[in-house]
Amino acid sequence: MSSLVTLNNGLKMPLVGLGCWKIDKKVCANQIYEAIKLGYRLFDGACDYGNEKEVGEGIRKAISEGLVTRKDIFVVSKLWNNFHHPDHVELALKKTLNDMGLDYLDLYYIHFPIAFKYVPFEEKYPPGFYTGADDEKKGHITEAHVPIIDTYRALEKCVDEGLIKSIGVSNFQGSLIQDLLRGCRIKPVALQIEHHPYLTQEHLVEFCKLHDIQVVAYSSFGPQSFIEMDLQLARTTPTLFENDVIKKVSQNHPGSTTSQVLLRWATQRGIAVIPKSSKKERLLGNLEIEKKFTLTEQELKDISALNANIRFNDPWTWLDGKFPTFA
Ligand SMILES: NC(=O)c1ccc[n+]([C@@H]2O[C@H](COP(=O)([O-])OP(=O)(O)OC[C@H]3O[C@@H](n4cnc5c(N)ncnc54)[C@H](OP(=O)(O)O)[C@@H]3O)[C@@H](O)[C@H]2O)c1
């Protein structure tokens, strides 16, 4: 099992969890159940992943069989862009809880600092980049005029009501977090960002450490996850698994793999990881990193020096090119 980090609200969170993006619905419930048997205790889901019913089913099966209790599991979801208005925050959260068959989440992130026009569940769920049939025909997204602090305050109410234990933010940059910290009543416990040796975001990571906000890395394997999305940038960027520096570090630690080096580089620097895999050996290998080997300070530095500010998940490349989230 993964070691635990203590969040700024006192809650303990596993340092290694399982990412649920792109886990096929048909196999998802069983994969979550099997992952629990392997020792996974954190599941990083989202409304947008379209598999929350199945993630919940896998968790509930493990609970009903007595493998774990609800308290042993750290359940994460994310508020999607169409539900940022305070009238829709709790509605969206309750839909997630209802789909999962759970009473509360341990952590609920704002998925992106981007507000789309509301779409009722009956019209399309999860809505993805849909903001209405007319927009869809034109390849357009209509925004909603909702400042982040309004969304955030609606989430604070959800904490008060016991529906979520903690609030997180995802894909936020430093200045937006600074602004949020000036206006929030309950501090965010975590920031989830794209983080791998091609995109180290060191200032942002340092800022979070200073403010006791846990950084959680997504897409730890860099381009890997985006190749299957057919993203041109991912297809043309050399894989990190074959990178000379990563390979050399892996060779320095017999028995380790390059994928484990990528994860260990993060966790050893206090950054949590949520690698996704559908293969049992990989799931085990990804979870085992902490007890297997320790990288030297020099190795950590050598890997960090690979930074090239290459970002694969950039809203600027979505429809319309009008979301300068990371500009
Ligand atoms: N907040 C956000 O905006 C955001 C964005 C992206 C992701 N996320 C979260 O972060 C999680 C992880 O990120 P991700 O899914 O983008 O990418 P990832 O975990 O970096 O990569 C997943 C890919 O790597 C492969 N893989 C997994 N373990 C491996 C290993 N040991 N060796 C070789 N290949 C391996 C997987 O294939 P197999 O399945 O075939 O093993 C899959 O193709 C997501 O599932 C999601 O929960 C959040």
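A polar side-chain atom of Ser 170 lies 2.9 Å from a ligand nitrogen atom, a polar contact being a pair of N or O atoms within 3.5 Å. The model is predicted: local features need pLDDT of at least 70, side-chain atom pairs count only at pLDDT 80 or more, and totals for chains, interfaces and linings use all residues. Residues are numbered from 1 along each chain as its sequence is written, and side-chain values use heavy atoms, with hydrogens and water left out. Ser 259 places a polar side-chain atom 3.2 Å from a ligand nitrogen atom. Phe 221 has a polar backbone atom 3.1 Å from a ligand oxygen atom. Alone, the ligand exposes 900 Å², of which the protein buries 93% (Shrake-Rupley, 1.4 Å probe).

The ligand is surrounded by 29 residues (a heavy atom within 4 Å). Asp 44, Ser 225, Lys 276, Ser 277 and Lys 279 are the closest. The shell holds nine nonpolar, 14 polar and six charged residues.

The ligand sits in the largest pocket, as more than half of its atoms lie within 2 Å of the grid points. A pocket is an open set of points on a 1 Å grid over the protein atoms alone where a 1.4 Å probe fits, with protein on both sides within 12 Å along at least five of seven lines; lining residues have an atom within 4 Å of a point. The volume of the largest pocket is about 1100 Å³. Its lining comprises 47 residues. H12 contributes the largest share, four residues.

Terms used:
A polar contact is a pair of N or O atoms within 3.5 Å; within protein, one must be able to donate a hydrogen and the other to accept it, and residues adjacent in sequence count only if both atoms are side-chain atoms. Ala, Val, Leu, Ile, Met, Phe, Trp, Tyr, Cys and Pro count as nonpolar, Asp, Glu, Lys and Arg as charged, and the others, Gly among them, as polar. Grid points are joined across faces, edges and corners, and a volume is the space filled by probe spheres set on the points. Helices (H or I, at least four residues) and strands (E, at least two) are DSSP runs, numbered from the N terminus.
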